[in-house]
Amino acid sequence: MFCHQCQEAAKNTGCTKIGICGKSSDVSNLQDLLIYLLRGLSAYNKEARALKLDTNEVDQFITEGLFTTITNANFDKFGFIKRINKTLELRNKVKEEVVKAGGNITGITHDAAHWIGTEETFEEKARMVGFDHIENEDVRSLISLAIFGLKGLAAYTEHAFNLGYEEDEIYSFMQEALVATLDTSKSAEELVALNMKLGEIGVKAMALLDKANTTSYGHPEITKVNIGVRSNPAILISGHDLKDMEELLKQTEGSGVDVYTHSEMLPANYYPAFKKYDHFVGNYGNAWWKQDQEFESFNGPILMTTNCLVPPKDSYKDRVYVTGAVGFTGLKEIPLRADGTKDFSEIIQQAKKCQAPIEIEKGEIIGGFAHNTVLSLADKVVDAVKSGAIKQFFVMAGCDGRMKSRDYYTEFAQALPKDTVILTAGCAKYKYNKLSLGDIGGIPRVLDAGQCNDSYSLAVIALKLKEVFQLNDINDLPISYNIAWYEQKAVIVLLALLYLGVKNIHLGPTLPAFLSPNVAKVLVENFGIGGITNVEDDINMFMAQ
Ligand code: FS2
Ligand code: SF4
């Protein structure tokens, strides 16, 4: 195996024996083969799209396939074997349909579009198609950046289509880009342009998901979220999928079983459509990486709707259920009903037999500062900036993780001058959302917009402030960017911010292992991207910007 897609890549180079995340070598290889063959399938689907054939099944299949390979989403070897077989089957089907419709496939010559194999040969082939087989390190770096960004794009696209929102332009670009990355003779300039276009499509996908979420469930509202527990048995829901959240709340209503969110599902507490349920109690615990302790003390069953899943301990394994892109051999999957909706009856029945959660903390945290709310407070915010009460904003969106070096973000938040405000989104917030950082004239010093995809909200806020302050450049705003990254959704968020023209973004706790020195240099020279050093020097540097 060779995997270098996340911030925890071994020695900040790549995992080669087993993933730090717990991914085995065979699963890693099968993921590489799946990505390879999805690129071959994309080549035919592109033709099908040009011929105006119905591509929706394949569009969704490719999207979900990419999503399953995101860090901490899916560890199920048998699931990947099935998915690879299905890719080969769909490839044949689309190819036949294209030929039947008079399409020309003679230009599709890449091995990814022709290789055929059986389960016994998958692993051998998989070893030949990983990133480590791209010789030129800059090409490898830029293709990695694109593939990882595409994985993030796929995650957000899937959440949107689960709510019935799709845009052909997103699927079309996703597949074009997958095909383009098969060509390792592309120049660095061409690959940089591909990544910039990916950032543009990333903005579109996040805007689409924002529309899907807010149209379906209302605009997030300022909400005080309970972090304590009640005495009823309960289900804990984690991951990012709001459609699953809705279904679970509906199906548990009146059952005597309470529902709590974990990690990235916390922002579900801010939506009007979910707040109305009395049995929706609040949030339990912290970011994903503490699940080995928090799932244990929760006592009830846990529903993982997306990453981040940590390979479960035997002590609570029988209480973890997976759905969507998530997989782990031996965990129970949520079945579908005849009408295609998910059937949560088994998890609800199990919850009824469990003890209530053990209380691990008490109190409330505040959130719900997505674009609609912040823009409704725009006058107050603008006055505070004009009067000097707010000197600077810090976008500290992104991911949390288990590395000790991430304590930097807690210390950074604590050390920031009191006239600064943190704008956050994603599970990065758990490093400082329970600190008492106070408020500025009633505006909390940590404004949580929501999940990592709601980083889009932060961009909308910045663009609005630019307009209000009549600035020509988004970088003239008093906003600094100190982003914590971990997995590939952060890659699409980064590319989206770059596309929007945001400069001087600092990324930590380490720069991505997949950036070659030359590619890192381009990012530094063109976009002012930087790493982090220590809290004191970094705060001085940001405040002087
Ligand atoms: Fe956090 Fe993990 Fe949100 Fe990432 S729960 S690091 O996948 O997507 O942010
Ligand atoms: Fe290593 Fe991260 Fe890949 Fe897991 S996802 S194998 S930790 S680089």
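Cys 3 is placed in the segment before α1 (25-50); helices (H or I, at least four residues) and strands (E, at least two) are DSSP runs, numbered from the N terminus. The model is predicted, so local features need pLDDT of at least 70 and side-chain atom pairs count only at pLDDT 80 or more, while totals for chains, interfaces and linings use all residues. Residues are numbered from 1 along each chain as its sequence is written, and chains are lettered from A and ligands numbered from 1 in the order in which they are written.

Cys 3 counts as buried, because 28 C-beta neighbours lie inside 10 Å. A residue is called buried if 20 or more other C-beta atoms lie within 10 Å of its own, exposed if 12 or fewer, and partly exposed in between, with C-beta atoms placed from the backbone. Apart from neighbours within four places in sequence, Cys 3 is in contact with Ala 9, Gly 14, Cys 15, Gly 19, Lys 23 and Ser 28; contact requires that the two C-beta atoms, placed from the backbone, lie within 7 Å. Cys 6 also belongs to the segment before α1 and is buried, with 26 other C-beta atoms within 10 Å. With neighbours within four places in sequence again left aside, the contacts of Cys 6 are Cys 21, Thr 71, Tyr 486 and Glu 487.

An unreviewed UniProt entry gives the annotation "binding site" to Cys 3, Cys 6, Cys 15 and Cys 21. These four residues span 19 residues in sequence, yet no two of their C-alpha atoms are more than 10.7 Å apart, so they gather at one spot. UniProt positions follow the numbering used here, feature names are shortened, and annotations may be inferred rather than shown by experiment. Ligand 2 is surrounded by 13 residues, the closest being Cys 3, Cys 6, Cys 15, Gly 19 and Cys 21; a residue is near a molecule or strand if its C-beta atom, placed from the backbone, lies within 6 Å of it. The shell around ligand 2 consists of six nonpolar, five polar and two charged residues, where Ala, Val, Leu, Ile, Met, Phe, Trp, Tyr, Cys and Pro count as nonpolar, Asp, Glu, Lys and Arg as charged, and the others, Gly among them, as polar.

A further "binding site" feature, from an unreviewed UniProt entry, covers His 240, Glu 264, Cys 308, Cys 399, Cys 427, Cys 452, Glu 487 and Lys 489. These residues span 250 residues in sequence, but no two of their C-alpha atoms are more than 13.9 Å apart, so they gather at one spot. Around ligand 1 there are 13 residues, of which Glu 264, Cys 308, Cys 399, Cys 427 and Cys 452 are the closest. The shell around ligand 1 holds six nonpolar, four polar and three charged residues. Both domain 2 (223-352) and domain 3 (371-544) give residues to this shell, so ligand 1 lies between them.

Within this site, Cys 399 is listed by UniProt (unreviewed entry) as "modified residue: Cysteine persulfide". Cys 399 sits in the loop between β9 (392-395) and α15 (407-415) and is buried, with 26 C-beta neighbours inside 10 Å. Beyond four places in sequence, the contacts of Cys 399 include Cys 427, Cys 452 and Glu 487. Glu 264 occupies the loop between β3 (258-261) and α9 (272-275); Glu 264 is buried, with 29 other C-beta atoms within 10 Å. Lys 489 is part of helix α17 (residues 488-499) and is buried, with 33 other C-beta atoms within 10 Å. Not counting residues up to four places away in sequence, Lys 489 touches Gly 152, Ala 155 and Cys 452.

Strand β3 belongs to an open sheet of six strands in the order β4-β3-β2-β5-β6-β7, with parallel pairing; strands pair if DSSP finds at least two bridges between them. At the edges stand β4 (280-283) and β7 (332-333), each with a single partner strand, so one side of each is left without a neighbour in the sheet. Strand β2 (residues 234-238) is joined to β3 by four bridges and to β5 (residues 302-304) by three. Leu 236 has Tyr 260 as its bridge partner in β3 and Ile 302 as its bridge partner in β5. Asp 258 and Tyr 260 point one way from β3 and Val 259 and Thr 261 the other way, and all are buried.

Terms used:
Domains from an automatic or database assignment.
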